[in-house]
Number of protein chains: 2
Amino acid sequence: MAKKVQKPTDASTEEKIREAARKLFTQKGYASVTTREIAEEAGINLALLNYYFRSKEKLFLQIMEESMQQFIQGVVVLFNDENTSMDEKIDKLVSNYIDMLISYPDLPLFILSELRSNSNKLAMKLDSQIGLARSTFIRQIQEAMRAGKIPEVHIMHIIANMMAMMVFPFVASPLLKKIGHVNDKQFMELMQERKKLVPVWIKAMLKAR
Amino acid sequence: MAKKVQKPTDASTEEKIREAARKLFTQKGYASVTTREIAEEAGINLALLNYYFRSKEKLFLQIMEESMQQFIQGVVVLFNDENTSMDEKIDKLVSNYIDMLISYPDLPLFILSELRSNSNKLAMKLDSQIGLARSTFIRQIQEAMRAGKIPEVHIMHIIANMMAMMVFPFVASPLLKKIGHVNDKQFMELMQERKKLVPVWIKAMLKAR
DNA sequence: AATATTTTTAAACAAATGATTAAATTGTTT
DNA sequence: AAACAATTTAATCATTTGTTTAAAAATATT
């Protein structure tokens, strides 16, 4: 009979496993990571993984839930700020979000990859994001459209374009480094630059017709 | 001793395997696909996979090479057209490339995912793309920058932005469908729309300051 | 200190997986 | 038709992989 963890004890073993799993899953994806790899990376006995998390999949789902939350958490808050204009939101959002991506550059490709193979299992976790379409920010854009300040297009285009400008470089970094002849350091400097450039580009796009 | 295929015979068996492998690898990634799955999808005996391709990895590398070529093939040709202006190239490129992506929507996420986990093995295959940075199109952009028609930014930003606007929606389709409340059919219609919208947005971005 | 509980360990299990073998079948050449 | 080569098949092999077990060690409770 499976034992329950009644005391978090040091929390250290459980957390060591979680951290090792997060690192490896994020780098290589669920299917490419073995439980033995995780155990070794965490410096613990293999059986402890199942003792604390029951199965590789349960462990993965925990990691995935945290990762998806991190992926959208910052967005949701900023999207619903009632006290800032549309343009101010764009500035803040892009800067904060690119900062997050610089800290966790492998996060988006991990999430998008797993979302493809496991869309069924992870469908529920997406529900939290449905609200985005009715956020203050989206309403501000739609109002600007009705007022004729911005050409009318399907809101999905806007969301796609904004995400694309922020996220895509991190998803395609190996490709972009090769094509653009930039090394890792230069790449990160360019990502820093984008914190100021992307808002300019997005605003220009929004008004373009 | 491994036998060599001396006659392509019907080419049908070999091609059936290749097609099944392409489909499955593209959908689920290298690590999630088993040789038995490929054999079943192809409707052939398991041993034939090794008879024709020696190993799962050799088969994968063949598929990957073809996929990467398809991913950039259209771009290279258009990028080097001497007889079109920068703006004309943008129109053609976007329209053709999005058409390709509509036909093979899983291609980009597949390539970008495998490029992450296997960057070492696939590094060589990327060399063919290095030339992109010295194409006619890139030179036209750089001339427009020197002429002051376009603000000066690192060329990687331009490449990243253009790729992002074309590719990202296909990489993030499950997410965008959820957030934007669009079904598969509507999504494809929106992608068709983008063939005309993205060039407008890109041109606006290029000039933005 | 004695006892119970929780955590850790080494070993093993069963299933899955990539690959191979040897025989059978099909096709080609002479 | 006979002989040879190429292709296909079923069975098997050796590892790998996720998971479990039972005992030992560490920690907490009485």
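Entry 1: I started with the side chains of A:Asp91 and A:Lys203, which form a salt bridge with N to O at 2.8 Å. By salt bridge I mean a side-chain nitrogen of Lys or Arg within 4 Å of a carboxyl oxygen of Asp or Glu. This pair ties together distant parts of the chain: A:Asp91 lies in helix α5 (residues 86–103) of chain A and A:Lys203 in helix α11 (residues 184–207) of chain A, 112 residues apart. I take helices from DSSP runs (H or I, at least four residues), as I do strands (E, at least two), numbered from the N terminus. I then looked up accessibility, where buried is under 20% relative accessible area, exposed is over 50%, and partly exposed is in between (1.4 Å probe, protein chains only). A:Asp91 comes out partly exposed at 34%. A:Lys203 is buried at 18%.

**Entry 2: ground rules.** I note that this is a predicted model, in which local features need pLDDT of at least 70 and side-chain atom pairs count only at pLDDT 80 or more, while totals for chains, interfaces and linings use all residues. Residues are numbered from 1 along each chain as its sequence is written, chains are lettered from A and ligands numbered from 1 in the order in which they are written, and side-chain values use heavy atoms, with hydrogens and water left out.

Entry 3: A:Arg18 is buried at 12%.

I checked chain B for the corresponding pair. B:Glu15 and B:Arg18 also meet in a salt bridge, at 3.0 Å from N to O. They too are three residues apart in helix α1 (residues 12–28) of chain B, about one helical turn. B:Glu15 is partly exposed at 32%, and B:Arg18 is buried at 13%. Back in chain A, salt bridges with shared partners join A:Glu14, A:Glu15 and A:Arg18 into one network.

**Entry 4: helix α5 of chain A.** I tested the length of α5(A). Its 18 residues should span 26 Å at 1.5 Å a residue, and the end C-alpha atoms are 26 Å apart, which agrees. The expected span is 1.5 Å times one less than the number of residues. Next I listed the buried residues of α5(A): A:Met86, A:Lys89, A:Ile90, A:Leu93, A:Val94, A:Tyr97, A:Ile98, A:Met100 and A:Leu101. They cover an arc of only 155 degrees around the axis, which puts them on the same side of α5(A). The arc is taken over the directions from the helix axis to the C-beta atoms. What do the buried residues of α5(A) pack against? I find α4 (56–79), α6 (107–117), α8 (136–146), α9 (155–171) and α11 of chain A.

**Entry 5: B:Leu101.** I moved to helix α5 (residues 86–103) of chain B, where B:Leu101 is placed. B:Leu101 is buried, at 0% relative accessibility. Neighbours within four places in sequence aside, B:Leu101 is in contact with B:Pro108, B:Met166, B:Val167 and B:Phe170. Contact means heavy atoms within 4.5 Å. B:Leu101 and B:Val167 are 66 residues apart along the chain, with their C-alpha atoms separated by 7.6 Å.

**Entry 6: helix α6 and chain A overall.** I found α6(A) mostly covered, with 10 of its 11 residues buried. Among them are A:Leu107, A:Phe110, A:Glu114 and A:Arg116. Chain A has 11 helices and zero strands. Of its 209 residues, 51% count as buried. Of the contacts in chain A with a separation of 6 or more, 70% are between residues 24 or more positions apart.

**Entry 7: confidence.** Chain A averages a pLDDT of 90, and 90% of the residues score at least 70. Over residues 1–9 of chain A the pLDDT is below 50, and this stretch has three contacts in the model beyond near neighbours in sequence. pLDDT is the predictor's confidence in each residue, from 0 to 100. Where it is low, the predicted coordinates should not be read in detail.

**Entry 8: symmetry.** I laid chain B on chain A and got an RMSD of 0.1 Å, by a turn of 180 degrees and a shift of 0.0 Å along the axis. That is the relation of a two-fold axis. The superposition is by least squares on the C-alpha atoms of residues with pLDDT of at least 70 in both copies. I also compared the interfaces: 100% of the interface residues of chain B are interface residues in chain A as well, so the copies meet through the same surface.
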